[in-house]
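User: Could you go through the charged pairs in this model with me? I will ask as I look.

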Amino acid sequence: MPAIINQKGGHILEYLLALVPALAWGNVGIAQNKAGGKPTQATIGSMTGFLIFSLIILAFNRQLLSGMAFFAGALSGFCLALANIGQFDGMNKMGVSTAVPLVAAQQLMINTLLGAFLFHNWTTTDQWLFGILAIVLVIIGSQLTNYKEDKSAGSAQKKSGMFGVVIAGIFGGMYAFIPNAYKYYWHVQGGSSFSYAMMLPQAIGGIIGAILLFAILEKKNPFKQFANIYIWRNTFVGVLWAVGNLCLLIVSTGKIGLATAFTFSQLNLVVASVEGILVIHEKKTHKETISLSFGNVFVIAGAVITALI
């Protein structure tokens, strides 16, 4: 094991930044629960907050992307809007501590494996063996946090929420993958400058996606929603997303790589699971609480192994 530690490099600050998405995204469910509103309204609000945050970053960074880079960012942001509405719907119907681990497991599978296969984040046999072990641990952990003693309780509503969870998993994974695919295949230097410049196209794609989704799903004029208090209450949710997004982009396009960065980000399921019980007061039996605790341990173990590859 020691032989494969730090082969890719990476400063301690990058590993600390890799934990920020977990803290920011882990609190998204709590923030959205307190803000209220329908998933479609919450998505417009969160993407508005994301857009405001990206404009602030632009004021300091003063770097704009154009051409294919802008398109890649906008497409990534559009995927984020789809992921948001799916996750908000899943959390409303299944609970934060149930929906978030399921979304995290799907996103982890997509991004870690794509990063390893397409971006060659793992190049040696040892890296692949330990990487696969880490993925297995995280997936087992997410399932343990999702354990329900009474399988029939609210089963119809949970099945309905599962569709949103699947949407969130797929498109949430793609939102992180697309900027890295552009960087890798167009031979673009990563790092903070690229990450800062990517935020505005992502936010534009996100707000366009949110508006289109509202118009399609609600069959109402989405622009009138900007007079609704729920839109503005959910802008803070977007700021949390933006902070996590920025740190994930910086770290995943740097020396650490997508596989490790995204695995770290999925620790948000630990934060969401615990806060879902303590803050929102989601009910858990004794067995469910024990399962949640063991699940968190498995997830942390998987993240640590990935960080050491």
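User: Glu149 first: buried, exposed or partly exposed?

Analyst: Glu149 is partly exposed, its relative accessible area being 37%; here buried means under 20%, exposed over 50%, and partly exposed in between, with a 1.4 Å probe and protein chains only. Please keep in mind that this is a predicted model, where local features need pLDDT of at least 70 and side-chain atom pairs count only at pLDDT 80 or more, while totals for chains, interfaces and linings use all residues. Residues are numbered from 1 along each chain as its sequence is written, and side-chain values use heavy atoms, with hydrogens and water left out.

User: And which residue forms a salt bridge with Glu149?

Analyst: That is Lys287, with the closest N and O atoms 4.0 Å apart; a salt bridge here is a side-chain nitrogen of Lys or Arg within 4 Å of a carboxyl oxygen of Asp or Glu. Lys287 sits in helix α13 (residues 286-308) and Glu149 in the loop between α6 (125-145) and α7 (155-185), so the pair links distant parts of the chain, 138 residues apart; helices are DSSP runs of H or I with at least four residues, numbered from the N terminus.

User: How many salt bridges are there by this rule?

Analyst: The count comes to three. One of them joins Lys93 to Asp89, at 3.3 Å between the closest N and O atoms.

User: Where do Lys93 and Asp89 lie?

Analyst: They are four residues apart in helix α4 (residues 67-94), which means a separation of about one helical turn. Lys93 is partly exposed at 27% relative accessibility, whereas Asp89 is buried at 19%.

Key
Helix = DSSP H or I, 4+ residues; strand = E, 2+ residues; numbered from the N terminus.
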